[in-house]
Amino acid sequence: GTNVGGGGWAKAKHSSAGGGGTILEKIQNLELEISRTQKNKATSTHLGDLKSKLCQLRKQLLEPSTSGGGKQPGFEVQRVGDARIGLVGFPSVGKSSLLT
């Protein structure tokens with residue numbers, strides 16, 4: 001075994017620092033660290049980060065990601081004649097993606 005000094009916090013950090021394993025093991029490690037962390041103003045950011053990671057892992061567990069860059073089946077429209085269109089919408093909602 002390894003001799004880790006520094007109290008319970010250092011031991012908990014050392015044991016969960018591996019980062020490897022399956023998604024279920026990572027979720028279990030995060031839940032353990034959340035349960036061991038004191039809840040106060042000084043640790044609220046750390047707990048928020050842990051909860052965010054936990055949420056992402058649970059989402060991965062439920063919906064495995066596809067490694068295609070997000071391409072989805074669509075359709076093509078053949079260009080015929082002259083036309084002008086205007087696309088109106090909020091910023092960063094995918095207006096340009098409609099043209100490609």
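This is a predicted model: local features need pLDDT of at least 70, side-chain atom pairs count only at pLDDT 80 or more; totals for chains, interfaces and linings use all residues.
Partly exposed means a relative accessible area between the buried limit of under 20% and the exposed limit of over 50%. Leucine 87 has a relative accessible area of 40%, so leucine 87 is partly exposed.

**Confidence and overall make-up**

The mean pLDDT of the chain is 76. Of its residues, 65% reach 70 or more. Helix H2 (residues 23–36) has the highest, at a mean of 91. Helix H1 (residues 7–16) has the lowest, at 53.

The chain has 4 helices and 0 strands. Read from the N terminus, the order is α-α-α-α. Of the 100 residues, 11% are buried. The accessible surface is about 9,300 Å². Carbon and sulfur atoms account for 54% of that surface. Among contacts with a separation of 6 or more, 30% join residues 24 or more positions apart.

How many salt bridges does the structure hold? The count is 1. The partners are glutamate 31 and arginine 58, with their closest N and O atoms 2.6 Å apart. Glutamate 31 belongs to helix H2 and arginine 58 to helix H3, so the bridge ties together parts 27 residues apart in sequence. Side chains of opposite charge can pair when their charged atoms come close.

Lysine 51 is 20 residues from glutamate 31 in sequence, and their C-alpha atoms are 8.5 Å apart.

**The loop between H2 and H3**

Threonine 37 lies in the loop between H2 and H3. So where is threonine 43 found? Threonine 43 is in the loop between H2 and H3. Asparagine 40 has its place in that loop too.

Threonine 37 has a relative accessible area of 14%, which means it is buried. Threonine 43, at 18%, also counts as buried. Asparagine 40 has 35% and is partly exposed.

Side-chain to backbone links hold a place in this picture. The side chain of threonine 37 reaches the backbone oxygen of glutamate 33 at 2.6 Å. The side chain of asparagine 40 reaches the backbone nitrogen of threonine 43 at 3.1 Å.

The two threonines touch each other. Not counting residues up to four places away in sequence, threonine 37 touches Thr43, His46, Leu47 and Leu50. Under that same exclusion, threonine 43 touches Thr37 and Gln38.

**The loop between H3 and H4**

Leucine 87 sits in the loop between helix H3 (44–62) and helix H4 (95–99). Leucine 87 is part of a nonpolar surface patch of about 460 Å², made together with Ile85, Leu98 and Leu99. Patch members need over 30% relative accessible area; leucine 87, at 40%, is partly exposed.

Serine 92 lies in the loop between H3 and H4. Is serine 92 buried or exposed? At 79% relative accessibility, serine 92 counts as exposed. Its backbone deserves a look. Serine 92 has a positive phi of about 60°, although it is not a glycine. Most residues other than glycine have a negative phi.

**Accessibility of the residues discussed**

| Residue | Relative accessible area | Class |
|---|---|---|
| Threonine 37 | 14% | buried |
| Threonine 43 | 18% | buried |
| Asparagine 40 | 35% | partly exposed |
| Glutamate 31 | 35% | partly exposed |
| Leucine 87 | 40% | partly exposed |
| Serine 92 | 79% | exposed |

Technical notes: Residues are numbered from 1 along each chain as its sequence is written. Side-chain values use heavy atoms; hydrogens and water are left out. Patches are made of residues with over 30% relative accessible area and no salt bridge: like charges are joined within 9 Å, nonpolar side chains (Val, Leu, Ile, Met, Phe, Trp, Tyr) within 5 Å. Accessible areas come from the Shrake-Rupley method with a 1.4 Å probe; for residues, only the protein chains shown count as cover. A salt bridge is a side-chain nitrogen of Lys or Arg within 4 Å of a carboxyl oxygen of Asp or Glu. Helices (H or I, at least four residues) and strands (E, at least two) are DSSP runs, numbered from the N terminus. Buried means under 20% relative accessible area, exposed over 50%, partly exposed in between (1.4 Å probe, protein chains only). pLDDT is the predictor's confidence in each residue, from 0 to 100. Contact means heavy atoms within 4.5 Å. A polar contact is a pair of N or O atoms within 3.5 Å; within protein, one must be able to donate a hydrogen and the other to accept it, and residues adjacent in sequence count only if both atoms are side-chain atoms.
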